[in-house]
Amino acid sequence: MTPMSDRKLRIGVIGLGRAFTIMLPTFTGDKRVQLVAAADPRADARERFAAELGGNAYAEAEALCADPAVEVVYIATPHQNHAEHTRIAATHGKHVVVE
């Protein structure tokens, strides 16, 4: 078993726009956090995430929330999508942070 001090919180991000870009230095600067997946409808954003951060990249929120590597879903989508994305994450038993 991994000691709690060595354990990383595995985060999946829905939405790779401005909110995520602002939070990215906080995520990458915290040794307790690992970005493991992202979902965004834009192929270029997904490709950039996978190349730069090495995580899985999905076109749909549902696929990200089904990923067993994701413990926490950080929702950084436009406000009108927050309720639906939160519902999807909760349905998959994920912890949720809404931007």
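How much space lies in the largest pocket? In this model, which is a predicted one, the answer is about 220 Å³. Of the 17 residues that line this pocket, the closest to its centre are Ile14, Asp40, Pro41, Thr77 and His85. Two helices, α3 (61-66) and α4 (82-91), each supply at least two residues of the lining, and by class the lining is made up of 9 nonpolar, 4 polar and 4 charged residues.

Asp40 counts as buried because its relative accessible area is 4%, a value under 20%, whereas Arg42, at 35%, is partly exposed.

That brings me to the salt bridges, of which a search of the whole structure finds 5. One of them joins Glu71 to Arg7, with the closest N and O atoms 2.1 Å apart. This pair links distant parts of the chain, for Glu71 sits in the loop between α3 and β4 (72-75), while Arg7 lies in the segment before β1 (9-14), 64 residues apart. Glu71 is buried, with a relative accessible area of 17%, and Arg7, at 33%, is partly exposed.

Finally, there is the pair of Arg32 and Asp30, whose side chains meet in a salt bridge at 2.7 Å, N to O. Here Arg32 counts as exposed, because its relative accessibility is 58%, which is over 50%.

How values were computed:
Residues are numbered from 1 along each chain as its sequence is written. This is a predicted model: local features need pLDDT of at least 70, side-chain atom pairs count only at pLDDT 80 or more; totals for chains, interfaces and linings use all residues. Side-chain values use heavy atoms; hydrogens and water are left out. On a 1 Å grid over the protein atoms alone, a cavity is a set of points where a 1.4 Å probe fits but cannot get out, and a pocket is an open set with protein on both sides within 12 Å along at least five of seven lines; lining residues have an atom within 4 Å of a point. Grid points are joined across faces, edges and corners, and a volume is the space filled by probe spheres set on the points. Helices (H or I, at least four residues) and strands (E, at least two) are DSSP runs, numbered from the N terminus. Ala, Val, Leu, Ile, Met, Phe, Trp, Tyr, Cys and Pro count as nonpolar, Asp, Glu, Lys and Arg as charged, and the others, Gly among them, as polar. A salt bridge is a side-chain nitrogen of Lys or Arg within 4 Å of a carboxyl oxygen of Asp or Glu. Buried means under 20% relative accessible area, exposed over 50%, partly exposed in between (1.4 Å probe, protein chains only).
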